[in-house]
Amino acid sequence: MSAATTRSRTPDRLCAEAVDLARTAAEEAAAPGVVGEHVGVVSDGDRVVTHFFECKELGYRGWRWAATVARASRAKIVTLDEVVLLPGPDAVLAPEWVPWSERLRPGDLGPGDLLPTDAEDIRLESGYSGYSGYDDRLAPGDSGDDDPVALSPALAELAEAEDIEDAEDTSDLATPSARSTITSVADELGLRRARVLSRYGLHIAADRWEEAFGAQTPMAQAAPATCVSCGFLTPIGGSLGQAFGVCANEFSPADGRVVSLTYGCGGHSEAAVMPAPPRPAEPVVDENRVDPFPLRPAADSGSVPVGDGDEETAELGHS
């Protein structure tokens, strides 16, 4: 350890003794009566010391007033540097700030709330762009009607004459139908969206729906059958329609929700006509059969010993 490091960790004697100067500065910065006892001193560097005082202000439990003093080299006078209110080891602090995009949870969006989507949201990808014309794909140097280099001088003059003639007489030209444009076709097919779900967006949506209304839920485990055979299941389009649908049973806990085809509940449309599970037959007791019971135990059973002269008593089964 160097000598400079040792000196910086050892408080300067004159600065450490300037407790009254630090207290006066803290009381001027704080409200009257909120500066408490002196609780410590810390060396911040060569001839720089911070004095800590207890804060008695309500709402700042565990905080401390910190007054930093310093002196110049070879000087005998200690001067004030700054006074701030800092949290102590046991201070009550606010939780770490979290951006709203990370604090938001499903169900937090209310009426009138707007939820902007980040331009680089990985759940979305580019959809219909609207730029699919041939002229938009031409690069500089490509042959095209607007490229004068692609035409000879004679052809260029002829093309210019034809353009003038067409501009003068346009009465016979039919106005193109609005249904014949690429934009109208994209509207009818539902493709004119700036962004659509990406593969990642599809996967996280499927995982979320499977966890809420999937085969592993307690309701599905006790259901008589799955949703794939239920008449209340409404199919959905797209790739997610291969594994999910919408429940339309008002008595089901998943009514109006996207459910997995492997989900199920007691409101299955065929629950009333499904065969009942087999039950074991009732035990049959034959009351007409007579079971013989001996009046006396066998001679070799050892229950009643039979001796000489005891035949008469043995006949009665007792001694």
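**Close-up views of a predicted model**

**View 1. Strands S7 and S8 are joined by three bridges and run antiparallel.** Strand S8 comprises residues 244–247. The model shown here, as in every view below, is predicted. Across this pairing, glycine 245 of S8 is the residue that stands opposite proline 235. Both strands belong to an open sheet of three strands, whose order is S7-S8-S9 and whose pairing is antiparallel. Strand S7 (233–235) and strand S9 (258–260) form the edges, each of them pairing on one side only. On average, and with direction ignored, neighbouring strands of this sheet are turned by 50° against each other.

**View 2. Strands S1 and S2 form an antiparallel pair with seven bridges.** Strand S1 covers residues 35–45, and strand S2 covers residues 48–55. Within this pairing, valine 41 has histidine 51 in S2 as its bridge partner. The two strands make a hairpin with two residues between them. In this hairpin, arginine 47 adopts a positive phi near 60°. As a general rule, side chains in a regular strand alternate between the two faces of the sheet.

**View 3. Aspartate 12 and arginine 71 meet through their side chains in a salt bridge.** The N to O distance is 2.9 Å. Aspartate 12 and arginine 71 are both buried. In general, side chains of opposite charge can pair when their charged atoms come close.

**View 4. A salt bridge links arginine 13 and glutamate 17.** The closest N and O atoms of this pair are 3.6 Å apart. Arginine 13 has a relative accessible area of 56% and is exposed. Glutamate 17 is likewise exposed, at 53%, because a relative accessible area over 50% counts as exposed. The count of salt bridges comes to two.

**View 5. Trp100, Leu104 and Leu115 make a nonpolar surface patch.** The area of the patch is about 270 Å². Leucine 115 is located in the loop between helix H4 (100–103) and strand S5 (124–126). Its relative accessibility is 42%, and leucine 115 therefore counts as partly exposed.

**View 6. Serine 198 occupies the loop between strand S6 (195–197) and helix H7 (199–212).** What is the relative accessible area of serine 198? The value is 6%, which places serine 198 among the buried residues, because buried means under 20%. Leaving aside residues up to four places away in sequence, serine 198 touches Ile122, Arg123, Leu124 and Glu125.

**View 7. The whole protein, with its nine helices and nine strands, is included for orientation.** The protein has 319 residues, of which 19% count as buried. Among contacts with a separation of 6 or more, 51% are between residues 24 or more positions apart.

Terms used: Residues numbered from 1 in each chain as written. Predicted model: local features only at pLDDT ≥ 70, side-chain atom pairs only at ≥ 80, totals over all residues. Heavy atoms only, no water. Salt bridge = Lys/Arg side-chain N within 4 Å of Asp/Glu carboxyl O. Buried < 20%, exposed > 50% of the residue type's maximum accessible area, 1.4 Å probe, protein only. Pairing = 2+ DSSP bridges. Helix = DSSP H or I, 4+ residues; strand = E, 2+ residues; numbered from the N terminus. Axes fitted to C-alpha atoms, helices over the stretch in contact; angles between N-to-C directions. Patch = residues over 30% accessible without salt bridge, like charges linked within 9 Å, V, L, I, M, F, W, Y side chains within 5 Å. Areas by Shrake-Rupley, 256 points an atom, 1.4 Å probe, with all protein chains shown as cover. Contact = heavy atoms within 4.5 Å.
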